[in-house]
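Morning, everyone. I have one protein chain to walk you through today. Please look at the sequence and the model as we go.

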Amino acid sequence: MAVRKELLRISHVSLERDGEQLLDNLEFQMFAGEIFGLVARNRKGQKEMVDLICRNDPITLGSVWYDGKIVNSYSYSSGESNKVALIEQKSHLVQGLSVVDNLFILREGFKKYFINEQVIFQQAVRFMGEQGLEVELNKRVENLSELERCFVELGKALLSGCHLVIVDNPSNYLSEYELYKFQRMLKKIRKEGISVLYIGNHHQELFKIADRTALFSDGYIYKVFERDEMTDENMAPYTSEWKILSTENEQENDDGILHFHTVGAGNLNGLRFILHRGECVTLLDKENKIAGDMMDLMTGKMRCKSGWITVDHVTYTQKKAGNYLDEGIAVIPADGVNRLLFLEMSYMENLTFLLDRKLKKSLIPGKIYKSIHSEYRPIAGPVIDAPCVRDIPQEDQFALLYHKMNLLRPRVMICIQPLAKGDMFCRMKILNALREIQKQGTAILMITSSVSDTMDISDRLLVVEQGKVAASYDRSEFKRIVR
């Protein structure tokens with residue numbers, strides 16, 4: 001049996017800053033040519049762990065080994081960078097320059113004063129072709145698709161001699177098809193001896209690609225699953241406290257409430273579906289193109305060029321859509337916390353902010369205010385009395401967003417990429433809030449480019465390709481889809 005070469009070892013590392021324990025006896029190792037998955041239950045310590053691997057900044061206890069050498073320890077930290085690349089939602093390319101400039105001219109160690117652009121371009125064509133990285137090299141960086149940007153950053157890492165690539169939650173910014181192509185490329189470079197630390201929020205995504213997977217929470221590794229241990233059954237004991245609420249006593253579906261009648265607008269090309277009362281449906285936007293159009297249609301910023309939309313069998317005109325809240329439609333964008341919450345205001349001020357529309361009163365009577373406080377305190381907890389929403393945990397900000405919309409008792413709630421942001425624990429809070437909203441009879445439509453977590457709550461999955469439904473799956477078929 002061949003001996004595996006160790007590339008990275010984090011040995012009993014603790015990191016404390018401003019009295020807060022961010023990394024707590026963190027210990028794991030990675031081998032050359034492996035994809036190591038990291039399921040992040042929450043974000044505490046995650047950034048610090050990534051920074052620690054990339055750069056040798058001071059730590060409180062422990063040591064870090066990279067490529068056979070000790071590069072950092074509690075007794076001495078050089079502050080130097082390691083040959084590690086990070087690919088995340090934020091671009092690390094220089095805007096305004098070409099792909100070739102980013103690949104070669106900005107590369108560390110490039111010392112030519114006189115640059116033959118044609119020669120450099122041909123070198124880029126040859127290198128990217130050999131690696132199988134499909135990118136239009138004559139593009140400027142700002143015109144790249146997300147997948148192309150990831151491929152360029154990966155190519156730059158390989159040219160720089162990086163042996164370790166950290167990939168942070170790619171399903172948050174790549175469509176389903178783009179994610180498949182990117183994962184296929186990661187498997188290819190693994191065969192060439194490059195290691196990948198793949199960070200995600202859902203174990204099913206990681207189990208498909210990783211050689212081993214670690215469960216990370218609060219700056220600590222709770223468990224490392226070997227290849228033959230990576231099953232839902234083995235993960236269940238570690239995630240039981242994060243599961244969503246029971247679906248017992250759910251309201252039975254009534255007649256359809258939201259109908260899209262072969263709608264054409266923007267990237268929609270004959271989109272047709274029915275959403276029933278109390279039902280949760282996921283639209284899997286494999287090309288990541290329709291979310292903006294759906295939001296604009298439902299809020300009156302765009303009108304149907306063909307087909308039509310009905311709500312409760314009444315045509316949903318552009319005029320009605322302009323007053324969507326009064327029509328019983330709640331729309332939550334992907335960046336809803338920043339767009340729909342007032343972070344400097346209190347929890348209760350945010351929770352009741354739109355209630356005047358529902359009550360048709362400019363001032364909310366004190367008894368109603370107290371009643372809402374009493375109703376939501378068991379759900380929200382002590383955070384309901386927070387004087388400033390900016391200071392509460394991220395998962396409570398997201399939960400507040402959904403509680404706020406649910407207080408209006410909408411007929412339909414449309415969620416754009418509801419699980420694209422936040423850690424695993426935050427996602428479970430969102431799913432719990434959605435389940436409670438669904439139990440009250442509200443129909444929920446989730447539009448996402450990543451299917452992972454939505455399967456826990458969805459009743460149906462509609463796959464959208466080229467602007468229309470290409471396939472439909474009931475809950476009984478979900479295991480076959482996500483296997």
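Buried residues make up 52% of the 483 residues in this chain. Keep in mind that this is a predicted model. The chain exposes about 22,900 Å², and carbon and sulfur atoms supply 48% of that area. In secondary structure, we count 16 helices and 20 strands. Now take the contacts with a separation of 6 or more. Of these, 68% join residues 24 or more positions apart.

Next, the inside. Which residues touch the most other members of the largest nonpolar core? They are Phe182 and Leu186, in a core of 47 residues. Helix α4, residues 146–159, gives the most to this core: seven residues.

Leave out residues up to four places away in sequence. Phe182 then touches Ile87, Leu147, Cys150, Phe151, Leu154, Val167, Pro170 and Leu174.

Now helix α5, residues 176–191. It has 16 residues and reaches 23 Å from its first C-alpha to its last. That is close to the 22 Å expected at 1.5 Å a residue. Which residues of α5 are buried? Glu178, Leu179, Lys181, Phe182, Gln183, Met185, Leu186 and Ile189. Here is a general point to hold against that list. An α-helix has 3.6 residues a turn, so residues three or four places apart point the same way. After α5 comes Gly193, with a positive phi, near 95°.

On to a sheet. Four strands form an open sheet, in the order β12-β11-β14-β15, with antiparallel pairing. The edge strands are β12 (268–276) and β15 (314–315), and each pairs on one side only. Strand β11, residues 256–265, pairs with β14, residues 306–311, over five bridges. Find His259: its bridge partner in β14 is Thr310. Helix α8, residues 291–298, lies across β11, β12 and β14. It runs at about 115° to β11.

Last stop, Lys404. This lysine is found in helix α14, residues 394–406. Is Lys404 buried or exposed? Its relative accessible area is 3%, and buried means under 20%, so Lys404 is buried. What does Lys404 touch, not counting residues up to four places away in sequence? Leu340, Leu341, Asn350, Leu351, Phe353 and Leu354.

Note on methods: Residues numbered from 1 in each chain as written. Predicted model: local features only at pLDDT ≥ 70, side-chain atom pairs only at ≥ 80, totals over all residues. Heavy atoms only, no water. Helix = DSSP H or I, 4+ residues; strand = E, 2+ residues; numbered from the N terminus. Buried < 20%, exposed > 50% of the residue type's maximum accessible area, 1.4 Å probe, protein only. Contact = heavy atoms within 4.5 Å. Areas by Shrake-Rupley, 256 points an atom, 1.4 Å probe, with all protein chains shown as cover. Core = buried A, V, L, I, M, F, W, Y, C linked by side-chain atoms within 4.5 Å. Expected span 1.5 Å × (residues − 1). Pairing = 2+ DSSP bridges. Axes fitted to C-alpha atoms, helices over the stretch in contact; angles between N-to-C directions.
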